[in-house]
Amino acid sequence: MLLNIFLFKGKKIRDLEDLNIYSYPIEIISINDKILVNKIIKGHDKYECWQKINSNQFKIAEPIAQFINDLNIYSSCINGKIIIGLIFDNEDNPYDYMEIFKELLNEVLNNGNGYSFDDEIEVDNLLISMFIDIKRFGDEVIEKPPEIEYYYQRETFFKIFLFGIDEVGKSSLVRRLKTGEFNDNFFTPTRKFNIEYIPVEEKGLFALWDMPGQKAFRSKWLKGLQDSNIILYMIDVANQRRFEESSNEFWNVLNKNELNGIPLLIIGNKTDLVRLSNESNNAQLAILREELSSFYNFNKIKNRKWNFLFTSVKTNFNIDNVIPAIFNLLSS
Ligand SMILES: Nc1nc2c(ncn2[C@@H]2O[C@H](COP(=O)(O)OP(=O)(O)OP(=O)(O)O)[C@@H](O)[C@H]2O)c(=O)[nH]1
Ligand SMILES: [Mg+2]
């Protein structure tokens, strides 16, 4: 399984004082690991990597495999200036990934659009999109954990894409579904794509993609959406101040043509924070539902099956209905 992707960049790659290291999704290699960094760079010494390049095309050297400090590293050198590498689980064979690694690099760098390594956002995007593509290739083509393989064979593997602005309760929902737990003080904004596998009895295996909701990460949502079987959009119904922002983000994504036809479940979470007098819960929720509907223009949702569900991850309200609601949409 792919664990990490990293990139070294500097005016002179061998000058560690001037070297920048980027990684995704976690920092495994730091500039302070001088010996490790040096060894990775030196690994490319013997090969064509450091030759001069005289063309506009990026030259991507054959990747080399190294095993350093217990890390299974597979890296390639680009134009003698940049090293991009993958870190795998120790038991993985990096050569299984040779073709896809080279192909993806070529696709991104030599597509005629003039890739710039000077633009940090481009570098970030390169790492994230390659990470996702290589990981997907690994999960789907090379090594499926037995459990996942079983579900693939039975064709009951579902990718569920969960998004929404920050702090609405997405990660809390995933944790609730996976472990049954909820922790009030568990406020840890998600910073990376979080993928949890949840087997659902007699139905199949859910791969729940829990997206980070903070502004800086929203441009990455579209990266993760590919191949989703259903999309889930979560709203914090108690936080009216952010309805407008949330509605804008909702429509930004829904308006993408490639998502036509993909079913949608909208989850109105944190009902426990909306003051409801117990006896008339249903009537009050119906009113709230109407308000949300007109605010978010739910009536404009076209080209897909969709549904709406109120929940409280905190009190467990309707949590048991989340998976049935998903299956209803998937199976009709
Ligand atoms: N009262 C109440 N609090 C909730 C509920 N669901 C989640 N929370 C709390 O809301 C906060 C944010 O929850 P998260 O699950 O981290 O939110 P998120 O949508 O994953 O946020 P990002 O990862 O930043 O996008 C946490 O403190 C949770 O405990 C709920 O139903 N009711
Ligand atoms: Mg989260």
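## Ligand shell, domains and sheet

Helix α5 (residues 170-179) gives the largest share of the shell around ligand 1, three residues. The model is predicted: local features need pLDDT of at least 70, side-chain atom pairs count only at pLDDT 80 or more, and totals for chains, interfaces and linings use all residues. Residues are numbered from 1 along each chain as its sequence is written, while chains are lettered from A and ligands numbered from 1 in the order in which they are written.

There are 24 residues around ligand 1, and Gly169, Ser171, Ser172, Thr190 and Gly213 come nearest (near: C-beta atom, placed from the backbone, within 6 Å). The shell has seven nonpolar, ten polar and seven charged residues; Asp, Glu, Lys and Arg count as charged, Ala, Val, Leu, Ile, Met, Phe, Trp, Tyr, Cys and Pro as nonpolar, and the others, Gly among them, as polar.

The protein chain is divided into two domains, with bounds from an automatic or database domain assignment.

| Domain | Residues |
|---|---|
| domain 1 | 2-142 |
| domain 2 | 146-331 |

Their centres, taken over C-alpha atoms, are 34 Å apart. Four residues from domain 1 and four residues from domain 2 make the contact (C-beta atoms, placed from the backbone, within 7 Å).

Five strands form an open sheet in the order β2-β1-β5-β4-β3, with antiparallel pairing. Strands are DSSP runs of E, at least two residues, and helices of H or I, at least four, numbered from the N terminus; two strands pair if DSSP finds at least two bridges between them. Because β2 (19-24) and β3 (64-68) stand at the edges with a single partner strand each, one side of each is left without a neighbour in the sheet.

Key:
Contact = placed C-beta atoms within 7 Å.
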